[in-house]
Amino acid sequence: MSNTKDFVIEEIKKKIGEFQSNPEEKNFGRVRSVGDGIARLSGLSGAMMSEMLEFKTSDGSRYGVALNLEEDGVGAIILDDYQAIKEGDEVVSTGKILEVPVSDKIVGRVLNPLGRPIDGREAVVADKYYPVEKVAPGVITRESVKKPLQTGIKAIDAMIPIGRGQRELIIGDRQIGKTAIAIDAIINQKGQNVKCIYVAIGQKESKIAGIVAKLKEAGAMDYTTLVVAGASDPASLLYIAPFAGCAMAEYFLDKGEDVLIVYDDLTKHAAAYREVSLLLRRPPGREAYPGDVFYLHSRLLERACKLNKDFGGGSITALPIIETQSGDVSAYIPTNVISITDGQIYLEPDLFYQGNRPAVNAGISVSRVGSSAQIKAMKKVAGKMRLEVAQYRELAAFAQFGSDLDEETRKKLERGQRIVEILKQGQYQPMPVEEQVAIFFAVTNGLMDNVPVEKITEFEKKVLENIRNTSLDVLKEIKKSGELSDETQAKLKKVVEDFKDTLEYVSK
Amino acid sequence: MKIAPKQYATALLESLDENSGKKKEVAARFAESLIDDGQISKLKEIMEIFDDLWNKKNDLVKAEIISANSLSKEMQKSLKDLLTKISGGNKVEVTEKIDKHLLGGTILRYGDRILDLSLKNKIEKLKEDLNS
């Protein structure tokens, strides 16, 4: 016992002996006015843009970021609670840009945008400090997106596939399932070697608690980090939250890993930035947003990329979420972010209330990476699906009026109805890609044409169970090779036909 | 039309310049005009800005030495010389303060730069170093 005590004392003595304290000259200023999370400071003539400032209050140190560099002073946002700061308090520049602590230990944690824990556990011991604002990787360091990021949602993986390194916007009205898509995508990354970061900006704390519980239940907290700036946090924290999340993602990117980052949601982020800008007396533009709100999102989303082998080969896939008002996608912020991302997933209220959930409108949703981000097997079976769904929707509107249709049209309608039924999916039930391939194979090759439409969902569940029980090797083959050989196709066909023979409700 | 505090301060500076013999009168008239405009409450702010402008015009640098214990005469002189050297030959107006909370050492402040050589600061830095 005394040995360890002596050892510890020796260690501390050694550390103290090695301690070097070099006197550093710092800029200082005084608080001229403070309120609403903003402080106006005099002095600090050498302050740099986005530099961290330390407010020396009677209650300890508070930190802020210099955002407005003016002729006779500095405007700064305060990152902690600003109640402790008084007029006349001293402010010292730290010489550092805002940074967050990163290490492998942030996985499974719930942190605030400054890297402090809010899950009640110990503080994160930093391996490194990554800057919150960073220039995005250049053209030469990047590579085109080829590897798929499986979201586990049939509608997306089939028709609007996402690749690793892509930015895909999830856009829709409130309560339409935007967060649900993101969470399902995170849950589906289990075993895929992808780290996930969920950045919650301005969300209700109760919603976050629910998400954490769900992720824990699904075992997703083993590879997910949450960065939370809740609805009651000051606007300055909401403003830096996505950048902090991206800095943490870049730590894994630099190690050559794949990361999925979800920004939920950027509408609240833009509103927080507007709040901070108006308080800093920056001139308001359209919808009272400051002039650089496009740059705000573009510099954030450009940091999501796929790096080539010379730079580690890692990737960051971004899923930003935007909430529209009454489906108005031509408002200022939605149009901005649509022009920045590599595609969007539109969620429509009409589809939602008709029972098609996820309410993805495949007609106007786009993935600019497209089928280069699909495994060959999926490309084969899902290639025509998007067209068939679009044609079905056109015909369905038509067919409401009469029942005298020719054989061609009737067949198209029947097939379309079945495909649409197949694309419905429950929440928190992501489907692995090989099972998706099996189901799409069955429906596009007419194997489900004689199953009544109301029984399709039940049939899908049972047939998958059957395939899992009887021909697990087929699924494994698809997963391993990514291809759907003629042999595999024949095997699948046989299994489905055999299963259908055992059911009464299937007409012959 | 609202007049900004900076404009008041500049006006005062220029009036003092032009009427170099009648400083007291200028000051009195200035105070009167502030009361007339209803801006007397901004006097503190205006005087702060005036101080900065005055210092800039006369190449004065305000410096402060805060120490935990009172300094000897030689110590004070050598610190003053150091401050004059750092500020590049400008005249230095030095005020001294004693603050027991520093535990030892001094804090030098000149213009808007600060050099914290206090023992309290060193202990805090040591704490950070040990914790990392």
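In this predicted model, helix H15 of chain A spans residues 472-481 and buries A:Val474, A:Leu475 and A:Ile478. Viewed along the axis of H15(A), the buried residues fall within an arc of 100°, so they line one face of the helix. An α-helix has 3.6 residues a turn, so residues three or four places apart point the same way.

The face of H15(A) turned away from the buried side is exposed. A:Leu472, A:Asp473, A:Lys476 and A:Lys480 sit there.

A:Gly482 follows H15(A). Its phi is positive, near 70°.

Now the interface between the chains. Here 10 residues of chain B are in contact with 14 residues of chain A. On the chain B side, strand E4 (113-116) and helix H5 (119-131) each supply at least two residues. H5(B) gives the most, with 5 residues. Which classes make up the side of chain B that touches chain A? It has 5 nonpolar and 5 charged residues, and no polar ones.

Strand pairing also links the two chains. Strand E1 of chain A (residues 25-35) is joined to E4(B) by 3 bridges, and the strands run antiparallel. A:Glu25 has B:Leu115 of E4(B) as its bridge partner.

Terms used
Residues numbered from 1 in each chain as written. Chains lettered and ligands numbered in written order. Predicted model: local features only at pLDDT ≥ 70, side-chain atom pairs only at ≥ 80, totals over all residues. Contact = placed C-beta atoms within 7 Å. Helix = DSSP H or I, 4+ residues; strand = E, 2+ residues; numbered from the N terminus. Nonpolar A, V, L, I, M, F, W, Y, C, P; charged D, E, K, R; others polar. Pairing = 2+ DSSP bridges. Buried ≥ 20, exposed ≤ 12 C-beta atoms within 10 Å, placed from the backbone. Arc of directions from axis to C-beta.
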